[in-house]
Amino acid sequence: MNVHQSLIQQDMNDCTKGQSLLPLQQAQEIFLNDVQPIAGTVSICLNQAMSRITAADITTDISLPRFDNSAMDGFGIRLEDLSMAFPRTFQLTGRAAAGHSATSNCTPGSAIRILTGARVPPDVAAIIPQEQVTLAGDTILISSVPRPGANIRRQGEDILAGSIILPEGTMIDARHIAMLAAVGLTQIQVVRPLRIGLISTGDELADNGWDLNQNGIVDVNRPMLRSLMVSPMFDIMDFGICPDDPELLSQALKDAARSVDLVISSGGISGSETDCLQRAILKSGGEYQRLSVAIRPGKPIAKGCIGAMTIVGLPGNPISALINFLLFARPALFAKLGIELPHLISTKARCTEDLPRRFNRSEFIPVQVGKTNEEGEPLIYKLGSGSSSSLSPLVAADGFALVQSGTGFVEAGEPLDFYPFKNAFSVS
Ligand SMILES: Nc1nc2c(c(=O)[nH]1)N[C@H]1C(S)=C(S)[C@@H](COP(=O)(O)OP(=O)(O)OC[C@H]3O[C@@H](n4cnc5c(N)ncnc54)[C@H](O)[C@@H]3O)O[C@H]1N2
Ligand code: MOO
C-alpha cells in the first residue's frame, strides 16, 4: 500500500468511532428515512402563491383557450372559399379585434380583418397572416390556398374544462402562477408553512463583533442558514446562540419542540467533550443519530427528534454547514412539506489543473467558471485550499465542482460535474 492509498484507507475510517464513512447517497437515504410530512393547509390568494405547495389537485371548470381565436394578425375566409382557385381576390367586409366580436359575418367570397387573440367567428375556417396578402383598398389578394384551420387556436386545445391544471404537491413557480391566472383562479389551498427553529451552539459564538471576547467568533451559520430559507414555505423562529452546555441546550430544544416542526442546529456534533447536541437531545427524552459521510467538507451530520419535532444537526464549520444544509437539511425540509426535492442539475466542465486527492470522499470544491474550450465546454478553476471555514473562495465561486469518492488523482482537462449557484433559466 503506497502513501496515497494508506491516506485514503485512513480516511475511510471515522477516527472517533472506527466506523466506515457512509457513501453520500446511502447517508441521504438513512437521513430521510423516517421524516414525516406535516399536516395542515391554508387558503391563500394568487399573489401570495409563489413557492407555496398545492395541498390537493387543482382543477378548472373553464377551457383554455376559452374560445377559438386567431394566432395571427391577418384575414379570415370561409371553408367553401378554400376549395376555389388561387390567387384570388376577396372583399373585406368586417373586422374582429381581441376583446371584441366581429363587426359582421364572413360571407362567401369575402374576408374579415382579424387580429391576434380575437374570437374567430363560426363562419371563418382559416386565417391568412397579413404578410401573405396584398392589400388594395378594401380588397385583399391571397396568392396560395390556405390550409383549413390555419392559424386558429381551438377552444380547449391547451386545457379542457374539468381537467387538473396543477397536481397536489406542486411547488408553485411563475409558470404555475401563469396557469392559475389564465383560468381565473384567485384563491387556492396550499400546505401550511413549515415552522423551523434555528440554534447555533458554541461558547465562542456572539451575534456581532461588539459582543466578542478575545477568544470568540461571530456566528456565521444562523444568518447564512436563515437566508437559505427565505421562502413563504418557511416560518423561521430564531432560538439564538446556546453555549456548550447540555442542560441549557436541552431546555432550548424542549422550548422549540413546543412551537416548531423542525430545528436546525449547528456545531457540537463531532464527538469532543464540549459537543453537547447528543446529550441535550437524550436528556430531553429524544432520539439521536450521527452519520459520518464520505464527503468533504461536511463529514458529520446528525439527526434526531424530540416528540414530533425533527432535529437536523449541522457541523459547525460554515462551509460544512452550507454543504450539509444543501445535501441533508433541505431535502428534509421538503420531505416535511410532503414533496421531493427537485434533482440537482449539473453540467460537465473541464478542470484546468491537476487535483491531487488526499481523501477518498466526494469533494465539493468551490470553482470559478472561465472561458469555454474548443469543444464549447466550460473551464473551471479551483478556488481555495479546501478549508471548511474559509469564506472567500466560496464568495468568489460560481458553484461547486464535485469529485466523486472513489476517484483517484484528477488530471487537468478531465471532466467534472459542476453545480452552479445560479441558473439563468430559473423561474422561481
Ligand atoms: N478529532 C476530530 N475533530 C474533528 C473532526 C473529526 O472527525 N475528528 N471533524 C471535523 C469536522 S470535518 C468538522 S465539520 C467539525 C465539526 O464539528 P462540530 O460540528 O462539533 O462543530 P464545532 O466543533 O462546534 O465547531 C467547529 C468549528 O466551527 C466553528 N463554528 C461553530 N459554529 C459556528 C457558527 N455558528 N458560525 C461560525 N463558525 C462556527 C467553531 O468555532 C469551530 O471552529 O469538527 C472537526 N473536528
Ligand atoms: O468536513 Mo468538516 O465537515 O470538513 O469541516
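This report describes aromatic contacts, helix packing, loop residues and backbone geometry in a predicted model.

## Basis of the description

Because the model is predicted, local features need pLDDT of at least 70 and side-chain atom pairs count only at pLDDT 80 or more, while totals for chains, interfaces and linings use all residues. Residues are numbered from 1 along each chain as its sequence is written, chains are lettered from A and ligands numbered from 1 in the order in which they are written, and side-chain values use heavy atoms, with hydrogens and water left out.

## Aromatic pairs

The structure holds 4 aromatic pairs. Rings of Phe, Tyr and Trp (its six-membered ring) pair if their centres lie within 6.5 Å; planes under 30 degrees apart count as stacked, over 60 as edge-to-face and the rest as tilted. Phe-31 belongs to helix α2 (residues 24-32) and Phe-328 to helix α7 (residues 318-336), so the pair ties together parts that are 297 residues apart in sequence. Helices (H or I, at least four residues) and strands (E, at least two) are DSSP runs, numbered from the N terminus.

Both partners are assigned to the buried class: Phe-31 has 2% relative accessibility and Phe-328 has 1%. Buried means under 20% relative accessible area, exposed over 50%, and partly exposed in between (1.4 Å probe, protein chains only). Elsewhere, ring pairs link Phe-364, Phe-400 and Phe-421 into a cluster.

## Arginines over phenylalanine rings

Two arginines lie over ring faces. Arg-113 is placed over the face of Phe-75, 5.0 Å from the ring centre, and Arg-119 over the face of Phe-67, 4.4 Å from the ring centre. A charge sits over a ring if NZ of Lys or CZ of Arg is within 6 Å of the ring centre and within 35 degrees of the ring normal.

Phe-67 is situated in the loop between β4 and β5 (69-70) and counts as partly exposed, at 24% relative accessibility. Leaving aside residues up to four places away in sequence, Phe-67 touches Gly-117, Arg-119, Arg-153 and Gln-155, where contact means heavy atoms within 4.5 Å. The C-alpha atoms of Phe-67 and Val-120 are 8.0 Å apart in space, although these residues are 53 residues apart in sequence.

## Packing of α4 and α7

Helix α7, which carries Phe-328, also packs with helix α4 (residues 221-228) at an angle of about 30°, the axes being 10 Å apart. Axes are lines fitted to C-alpha atoms, for helices over the stretch in contact, and angles run from 0 to 180 degrees between N-to-C directions. The two helices, α4 and α7, are therefore roughly parallel to each other; angles under 35 degrees count as roughly parallel, over 145 as roughly antiparallel, 65 to 115 as roughly perpendicular and the rest as oblique.

The crossing of α4 past α7 is right-handed. A crossing is left-handed if the near helix is turned anticlockwise from the far one by less than a right angle, and right-handed if clockwise. On the α4 side the contact is made by Asn-221, Met-224, Leu-225 and Leu-228, and on the α7 side by Pro-318, Ala-321, Leu-322, Phe-325, Leu-326 and Arg-330.

## Accessible loop residues

Trp-210 occupies the loop between β16 (205-206) and β17 (217-218) and is exposed, with a relative accessible area of 82%. Trp-210 and Thr-41 are 43 Å apart, C-alpha to C-alpha, and 169 residues apart in sequence.

Gln-48, in the loop between β3 (41-45) and β4 (58-59), is partly exposed at 43% relative accessible area. A distance of 41 Å separates the C-alpha atoms of Gln-48 and Ser-270, which are 222 residues apart along the chain.

## Backbone geometry

Most residues other than glycine have a negative phi, and most peptide bonds are trans. The bond from Phe-86 to Pro-87 is cis, with omega near 5°, and Pro-87 lies in the loop between β6 (74-77) and β7 (88-96). A cis peptide bond also joins Arg-296 and Pro-297, with omega about -5°; Pro-297 is in the loop between β21 (295-296) and β22 (300-306).

Ser-51, which is not a glycine, has a positive phi of about 70°. Ser-51 sits in the loop between β3 and β4 and counts as buried, at 17% relative accessibility. Asn-151, likewise not a glycine, has a positive phi of about 60°. Asn-151 is found in the loop between β11 (139-142) and β12 (152-153) and counts as partly exposed, at 22% relative accessibility.
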